[in-house]
Amino acid sequence: MPLLKLETTVSLTDEKRKTLLTSLSKTLAETTGKPESYAMITAAQADMLMSGKPGDAAFLDIRSIGGLSGDVNRRLSEKTSRLLNESLGVPTERIYLNFTELDAGNWGWKGNTFG
C-alpha cells in the first residue's frame with residue numbers, strides 16, 4: 001500500500017530490474033505522499049499486443065488506500081511513462097496505466113487489514 005505492478009515486453013537484466021524497481025518505488029512514494037516503507041513494486045515480463053501490433057509496450061497497475069486523485073494520477077502517468085521511456089525505450093504511446101483507489105478494509109497486511 002501503495003502497489004505498482006509493471007508488466008512489460010522488454011527483457012530486464014537483474015541490474016536494470018533493480019534500478020527500475022528502486023526508481024519506481026521512489027516515484028510512487030513521492031508522488032502519492034505515502035511512505036516508501038509501505039510501497040511495493042513488482043515487475044514482470046509479459047507478451048503484449050497493443051493497437052493490434054507487437055513491439056515494446058508496458059502496463060502499470062497502481063493501487064493505493066488514499067493518495068490517488070486526478071492530479072496525482074496525471075503526475076504518476078507523466079513520471080512513470082517518462083521513466084519507462086528513458087530506461088527501457090518503451091514509447092509513451094505504448095504505455096497504459098490503471099489507477100485503483102481501495103478501501104482500507106480491502107487491503108491485507110500482517111495477518112490483518114488496514115481498515
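Leaving aside neighbours within four places in sequence, which residues is Leu28 in contact with? Select Leu28 and display Pro2, Leu3, Leu4, Ala39, Ile41, Ile62 and Leu76, which are its partners; contact means heavy atoms within 4.5 Å.

The model is predicted, with local features needing pLDDT of at least 70, side-chain atom pairs counting only at pLDDT 80 or more, and totals for chains, interfaces and linings using all residues. Residues are numbered from 1 along each chain as its sequence is written, and side-chain values use heavy atoms, with hydrogens and water left out.

Next, select Leu4, Leu6, Leu20, Leu24, Leu28, Leu84 and Leu88, the residues with the most contacts inside the largest nonpolar core, which has 20 residues. Such a core is a set of buried Ala, Val, Leu, Ile, Met, Phe, Trp, Tyr and Cys residues joined through side-chain atoms within 4.5 Å; buried means under 20% relative accessible area (1.4 Å probe, protein chains only). At least two core residues come from each of strand E1 (3-8), helix H1 (14-32), strand E3 (58-64) and helix H2 (70-88). Helices (H or I, at least four residues) and strands (E, at least two) are DSSP runs, numbered from the N terminus. H2 supplies the largest share, five residues. A second, separate core of five residues includes Met1, Leu3, Ile65 and Ala104.

Now select H1. Its buried residues are Leu20, Leu24, Ser25, Thr27, Leu28, Ala29, Thr31 and Thr32; their cover includes E1, strand E2 (40-45), E3 and H2. After H1 comes Gly33, with a positive phi near 80 degrees.

Finish at Ser81 in helix H2. Ser81 is buried, at 9% relative accessible area, and touches Leu76, Thr92, Ile95 and Leu97, not counting residues up to four places away in sequence.

Terms used
Buried means under 20% relative accessible area, exposed over 50%, partly exposed in between (1.4 Å probe, protein chains only).
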